[in-house]
Amino acid sequence: MKYAILAVLVVISVLSVQLFAGSTGIVIEKLQQTKIDVNYDEMSLEDVLADIKTKTGVSVIIDPKSAKEIDIEDIEITMKLTEIAAYDLLKAIARHAEMRIVFKYGMVWMVTPEHYYDGRNIVKIYDVRDITMKIRDFPGVSIRLKGNSTGDNEIDWVEEEETYEPIIIDDLEDLIPDFVAKGNWDENPGASIQQLSGMLIIRQAPEVHYEIMKLLAEIRSNS
């Protein structure tokens, strides 16, 4: 029964990862790859976000809860930039407005720090058994022929050393928070990472899950 439930969870996790990659992941990549020119002179935050939507096709929305806590009309943007990635531009604007950007429902949301993690954490199961339980290449004996001055050949037996260094799931559990969104894990009270039957169950924000998937893909490509 336990393994049947686990199998169902894995299937659900795989489907959710695919859906995630088709929404939030695509939005992030689009903003990272789209380079735009901007020339804002004391432009309102709402007009700036509207301009970015026009140039990128990605909707950027001010979180209603956050809008009630700050005076949006007092936030003006002045900057002149050429060929800047839309993703970097949004982060710079968020810093200026003392806000943050989050991704959900295929859109970008501007939120205040107080609402940064409100209902944003989602749980995903990562099957990492292909990384941590890789079939080992055991050492063997290499036979080489060595010639001498008399023309005779000698057999040289050389013991090959084992070169495989497996990744332990405990190390992977420590590696992810160190390399993905460092510092974010402490700031996010709902973030967590734990093991279950060779899998990692991670609770984090959508954009952090996107970076985790990229890290695991890189590890797989180099293993």
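Helices (H or I, at least four residues) and strands (E, at least two) are DSSP runs, numbered from the N terminus.

## Basis

This is a predicted model, in which local features need pLDDT of at least 70, side-chain atom pairs count only at pLDDT 80 or more, and totals for chains, interfaces and linings use all residues. Residues are numbered from 1 along each chain as its sequence is written, and side-chain values use heavy atoms, with hydrogens and water left out.

## The open sheet

An open sheet is built from 3 strands in the order β2-β5-β4, with mixed pairing. Two strands count as paired if DSSP finds at least two bridges between them. β2 (60-62) and β4 (100-104) are the edge strands, and each pairs on one side only. From one strand to the next, the twist averages 30°.

β2 and β5 (residues 107-111) run parallel and are joined by 3 bridges. V60 has V108 in β5 as its bridge partner. Strands of a sheet pair through backbone hydrogen bonds, either parallel or antiparallel.

D63 sits in the loop between β2 and α4 (64-67). D63 has a relative accessible area of 8%, so it is buried (under 20%; exposed is over 50%, partly exposed in between, with a 1.4 Å probe and protein chains only). Not counting residues up to four places away in sequence, D63 touches W109, M110, V111 and H115. Contact here means heavy atoms within 4.5 Å.

## Helices α3 and α5

Helix α3 (residues 45-56) lies across β2 and β5 and runs at about 160° to β2. Axes are lines fitted to C-alpha atoms, for helices over the stretch in contact, and angles run from 0 to 180 degrees between N-to-C directions. α3 also packs against α5 at an angle of about 170°, with the axes 12 Å apart. α3 is therefore roughly antiparallel to α5 (over 145 degrees; under 35 is roughly parallel, 65 to 115 roughly perpendicular, the rest oblique). On the α3 side, L45, V48, L49, I52 and T56 meet A86, L89, L90 and I93 of α5.

Which residues of helix α5 (residues 86-96) are buried? They are A86, Y87, L89, L90, I93 and A94. Seen down the axis of α5, these fall within an arc of 160°, so they line one face of the helix. The arc is that of the directions from the helix axis to the C-beta atoms.

## After α5

E98 follows α5 and has a positive phi, near 55°. E98 belongs to the loop between α5 and β4. Its relative accessibility is 66%, so E98 counts as exposed. E98 and M110 are 12 residues apart along the chain, and their C-alpha atoms are separated by 9.9 Å.

## Nonpolar cores

A nonpolar core is a set of buried Ala, Val, Leu, Ile, Met, Phe, Trp, Tyr and Cys residues joined through side-chain atoms within 4.5 Å. The largest has 31 residues, of which L31, L45, L89, I93, V108 and M110 touch the most other members. α2 (24-33), β1 (35-44), α3, β2, β3 (76-85), α5, β4 and β5 each supply at least two residues of this core. α5 gives the largest share, 6 residues. Apart from this core lies another, of 19 residues, among them V180, L200, I202 and L215.

Leaving aside neighbours within four places in sequence, L89 is in contact with I36, V38, Y40, I52, M79, L81 and I84.

## The β9-β10 hairpin

β9 (residues 192-196) and β10 (residues 199-204) pair in the antiparallel sense over 5 bridges. S192 stands opposite R203 in β10. The hairpin has 2 residues between its strands, and S197 takes a positive phi near 50°.
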